[in-house]
Amino acid sequence: MRRIEEIGSVLESQNYSLDNIVTETLKKFKIKFLCNQSGFRKDHGFSVTEILTLLLMLPLMALKNVHQLYKSEYGKKAAMKKDALYRLKNNEYHPWRRLLYSVAKMFRKLTNPENKPAGKVTAFIVDDTTDERVGYKMENISHVFDHVLRKTVYGFKILTLVFFDGISSIPMDFTIHAEKKLARNKAKKQYKKAVDPRSSGGKRRKELRASKIEQSIAMIKRAVKNGYIADYVLCDAWFTSKEFIQKIRGIKNGAMHLIAGIRNDKRYYGYNEQMLNAKQIIALVKEAGVHRCRKWNIRYMEVVVDYEGIGDVKLLICRYPGQKKWRVFITTNASLKFVEIMETYGFRWTIEVMFRETKQYLQLGSCQSQDFDAQIASTTITFMLYTFLSYLKRVGSYETMGELFRQAHQDICEKTLAERLWELFEELLEFLIDIIASHGPMDITLLKQSEEYRYVKEVFASSFLFEQIAALDKSA
């Protein structure tokens with residue numbers, strides 16, 4: 001008889017992985033434990049972990065949403081009905097924010113158990129992105145201005161806090177915001193849902209119309225309460241009001257400094273015993289000479305000024321090649337040199353990369369449910385998947401998130417589930433026929449007692465995607 005290892009070669013020839021990289025990562029993160037710890041409870045039927053695992057895998061199956069899942073080959077094989085997925089996403093009481101923090105903490109535990117800086121600096125990065133939608137009937141949707149497209153669209157703004165540990169940028173928290181209200185005739189046609197204001201969903205709805213600057217500060221304070229502290233807070237000029245800078249410096253007795261863009265507006269600083277705005281300071285400092293950084297071909301000036309209510313800050317005034325206007329940056333750490341400021345501020349770009357990758361690969365903003373709770377759930381799940389992939393990228397040899405995504409996608413669905421299972425069945429059946437042929441007439445009961453038959457049976461018992469999910473739920 002052939003050795004059992006030869007059956008394994010059949011699986012390998014079909015590129016059929018019984019333990020794909022995502023389910024293995026979920027085991028490492030102990031996702032069932034994190035769900036229970038965060039306060040998720042099973043309603044009935046399938047467990048939270050089983051449903052959540054399937055939702056996490058949707059982007060890796062090249063599926064945008066639950067509706068597409070049940071139109072695909074996967075949906076035809078699913079024992080889990082779509083109502084189970086919708087119940088999980090639409091539940092206003094599920095603590096999605098707590099779960100996202102739990103995932104971020106587990107990432108830190110797995111990658112940096114001693115909680116030591118992985119790079120030169122650590123940073124909280126805050127920024128928002130446009131979540132554009134088609135139509136206006138979704139709950140709480142509004143007109144939002146997209147700065148990239150330079151036009152107003154239907155959608156939300158997703159304000160996000162990322163923690164940069166020196167190597168990886170991990171989403172910690174987010175709030176979803178509405179901007180300009182719809183016209184009354186359109187607002188009347190929007191989906192509406194009565195919720196308990198004390199529930200997680202009720203609290204999230206209160207954030208919709210809240211100030212993004214206030215919510216940014218609230219998110220940073222929550223992160224600190226959850227055991228995170230950073231060297232710097234990084235953001236663009238939109239956030240750097242005087243109040244924002246003061247409150248950042250007030251956290252943990254000034255433990256964190258700010259590096260940010262700042263508007264070249266009419267706010268005044270103390271310089272040379274005068275109160276001057278940025279334009280006036282630029283005119284004075286230019287007389288002393290403009291420096292040039294050869295590394296980036298940037299012309300710059302730097303000056304320490306007194307910002308009333310904050311103290312000494314350094315203004316960095318830069319002009320990039322091909323630009324006529326001077327850009328102004330500010331840091332509350334006045335001892336930093338030009339290169340240190342620019343290199344640290346450059347880490348802010350990692351949140352822009354995260355937004356692009358989550359939209360391009362992980363279907364951020366693709367949830368079509370009209371229920372606002374489902375939007376919160378969908379965004380959380382996307383950020384969780386991004387964290388899992390960041391972990392794989394951190395411990396593996398993947399150079400880009402795109403490369404990793406393609407590998408994960410191939411691992412789950414290089415072919416449709418039906419095609420792969422049928423080809424696998426054909427090869428294994430042929431293998432068993434060869435066994436019978438090589439031994440002449442054989443009683444089928446003897447074949448059933450063979451080691452090879454038992455092995456093939458075990459393969460089929462554990463090879464279905466949803467059986468993997470069930471096994472994960474038991475072992476997590």
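Predicted model: local features only at pLDDT ≥ 70, side-chain atom pairs only at ≥ 80, totals over all residues.

Reply: Residues are numbered from 1 along each chain as its sequence is written, and side-chain values use heavy atoms, with hydrogens and water left out.

Me: Why is F329 called buried?

Reply: Buried means under 20% relative accessible area, exposed over 50%, and partly exposed in between (1.4 Å probe, protein chains only). F329 has a relative accessible area of 2%, so F329 is buried. Of the 476 residues of the protein chain, 52% count as buried.

Me: What makes the pair of F329 and Y345 edge-to-face?

Reply: Rings of Phe, Tyr and Trp (its six-membered ring) pair if their centres lie within 6.5 Å; planes under 30 degrees apart count as stacked, over 60 as edge-to-face and the rest as tilted. The centres of F329 and Y345 are 5.0 Å apart and the planes stand at 65 degrees, so the pair is edge-to-face. F329 lies in strand β12 (residues 327-331) and Y345 in helix α14 (residues 338-345), so the pair ties together parts 16 residues apart in sequence. Helices (H or I, at least four residues) and strands (E, at least two) are DSSP runs, numbered from the N terminus. Y345 is also buried, with a relative accessible area of 10%.

Me: How do you know that E179 and K212 form a salt bridge?

Reply: A salt bridge is a side-chain nitrogen of Lys or Arg within 4 Å of a carboxyl oxygen of Asp or Glu. For E179 and K212 the N to O distance is 3.3 Å, so the pair meets the definition. E179 is in the loop between β4 (169-177) and α9 (184-187), and K212 is in helix α11 (residues 212-225), 33 residues apart.

Me: Are the residues E179 and K212 buried or partly exposed?

Reply: E179 is partly exposed at a relative accessible area of 31%, whereas K212 is buried at 10%.

Me: What makes K212 count as sitting over the ring of W238?

Reply: A charge sits over a ring if NZ of Lys or CZ of Arg is within 6 Å of the ring centre and within 35 degrees of the ring normal. The charged end of K212 is 4.9 Å from the centre of the W238 ring and sits over that ring.

Me: Which residues are joined by salt bridges into the network that includes K193 and D373?

Reply: K193 and D373 form a salt bridge, with their closest N and O atoms 2.7 Å apart. K193 lies in the loop between α9 and α10 (200-207) and D373 in helix α16 (residues 372-395), so the pair ties together parts 180 residues apart in sequence. R205 and D371 meet in a salt bridge at 3.8 Å, N to O. R205 is in helix α10 and D371 in the loop between α15 (349-360) and α16, 166 residues apart. Salt bridges that share partners join E139, K193, R205, D371 and D373 into one network.

Me: Why does K314 count as buried, and what polar contact does its side chain make?

Reply: K314, in strand β11 (residues 311-319), counts as buried because its relative accessibility is 8%. A polar contact is a pair of N or O atoms within 3.5 Å; within protein, one must be able to donate a hydrogen and the other to accept it, and residues adjacent in sequence count only if both atoms are side-chain atoms. The K314 side chain makes such a contact with the side chain of E302, at 3.4 Å.
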